[in-house]
Amino acid sequence: NLFKTGNQTEVALTEEGLVMTYTGDETTAPDPYFAFPIANYYKKTSSEIPKPETANWVCFKLKCEGGDGMFELFTATPAGGDSSTGEYTADGTWQYMMIDMSLTTLVEGRKLSSMRMDWAGGGCNPGATMTIAEIGFFAEEKDACEFCGIEYVTMAPKTKAPKKSLRGPLIQL
C-alpha cells in the first residue's frame, strides 16, 4: 500500500479520489494525519513529478464530512513552524483549498519527496472522512487561484510612508 504512514487514518484510493477515514473513537484525542509520498505517487502515474520551486502554493479539491475544518500541511520532515494551514467546510460538498507553503522548507529541497497532511484536528468526529480528488502544485499565487476558480486580485504597489518632519509645529507669536 502506497499510503501506510499515518495516525488514526485509514487511506484508500477510490474512483472519487484519495479517501481518508478517521479511525479514532470517543476515548482518544483526535489527531488524524498521514504522509503523502509525492515522489512515489507520481512514479506510479504518468504525470511528471513537480519540482520544489513549483510548490509555493499547494491546492486541494476536496470534500469532508465529520471533520472540523482545520487542515495543516507539513513538509517531509514534520517540525513545528515548518507547515502552513488551510480551512475547509466539512459539509460533504466539493471545494478547493489553497495553502501557502512559500515560507516552508518544502520549496527548498532537491525534490518533492513527501508531505504530511493533518486533515482534521481536535474537533474530528468518529468515522469522519475526507476525499481529495486533486492536488495541484504552483509557483505563483495567481496560478493557484486560477486552479481553484478564485479571482486573483493584485495588491497595490507598496509605497513609502511620508517622512515625518523632525521640526516641531510653527508657533506664531
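## Strand pairing, cores and cysteines in a predicted model

Strand 5 (57-65) and strand 8 (95-100) run antiparallel and are joined by six bridges. Helices (H or I, at least four residues) and strands (E, at least two) are DSSP runs, numbered from the N terminus, and two strands pair if DSSP finds at least two bridges between them. The model is predicted, so local features need pLDDT of at least 70 and side-chain atom pairs count only at pLDDT 80 or more, while totals for chains, interfaces and linings use all residues. Residues are numbered from 1 along each chain as its sequence is written, and side-chain values use heavy atoms, with hydrogens and water left out.

- Five strands form an open sheet in the order 2-3-10-5-8, with antiparallel pairing. Strand 2 and strand 8 are its edge strands; each has a single partner strand, so one side of each has no neighbour in the sheet. From one strand to the next, the twist averages 30°; axes are lines fitted to C-alpha atoms, for helices over the stretch in contact, and angles run from 0 to 180 degrees between N-to-C directions.
- Within the pairing of strand 5 and strand 8, Leu62 is opposite Gln95 of strand 8.
- Strand 5 also pairs with strand 10 in the antiparallel sense, over nine bridges. Trp57 is opposite Phe138 of strand 10.
- Strand 10 pairs antiparallel with strand 3 over four bridges, and Val19 faces Thr131 of strand 10.
- Strand 10 is largely enclosed by the rest of the structure, because seven of its ten residues are buried (buried means under 20% relative accessible area, exposed over 50%, partly exposed in between; 1.4 Å probe, protein chains only).
- Helix 2 (residues 141-148) lies across strand 5, strand 8 and strand 10, and runs at about 165° to strand 8.

- Three bridges connect strand 6 and strand 9 in the antiparallel sense. Phe74 has Arg116 as its bridge partner in strand 9.

**Nonpolar cores**

- A nonpolar core is a set of buried Ala, Val, Leu, Ile, Met, Phe, Trp, Tyr and Cys residues joined through side-chain atoms within 4.5 Å. The largest one has 33 residues, and those with the most contacts inside it are Phe60, Phe71, Met115 and Met117.
- Elements that each supply at least two residues of this core include helix 1 (38-43), strand 4 (33-36), strand 6 (70-74) and strand 9 (115-118).
- Contact means heavy atoms within 4.5 Å. Leaving aside neighbours within four places in sequence, the contacts of Met115 include Phe34, Phe36, Val58, Phe60, Leu73, Ile135 and Phe137.
- A second, separate core has seven residues, among them Trp57, Cys59, Met98 and Cys145.

**Cysteines**

- A disulfide is a pair of cysteine sulfur atoms within 2.5 Å; by this rule the count is zero.
- The closest cysteine sulfur to that of Cys59 belongs to Cys148, at 3.6 Å, which is too far for a bond. Cys59 is buried, with a relative accessible area of 0%.
- Cys64 is likewise in no disulfide, and the nearest cysteine sulfur, that of Cys124, is 6.9 Å away. Cys64 counts as buried at 1% relative accessibility.

- Glu16 is in the loop between strand 2 (9-13) and strand 3, and counts as partly exposed because its relative accessibility is 42%.
- Not counting residues up to four places away in sequence, Glu16 touches Lys63, Trp94, Thr131, Ile132 and Ala133. The C-alpha atoms of Glu16 and Ala133 are separated by 6.1 Å, although the two residues are 117 apart along the chain.
- The side chains of Glu16 and Lys63 are joined by a polar contact of 2.9 Å (a pair of N or O atoms within 3.5 Å; within protein, one must be able to donate a hydrogen and the other to accept it, and residues adjacent in sequence count only if both atoms are side-chain atoms).
- Most residues other than glycine have a negative phi. Gln8, which is not a glycine, has a positive phi of about 50°.
- Gln8 lies in the loop between strand 1 (6-7) and strand 2, and counts as buried at 17% relative accessibility.
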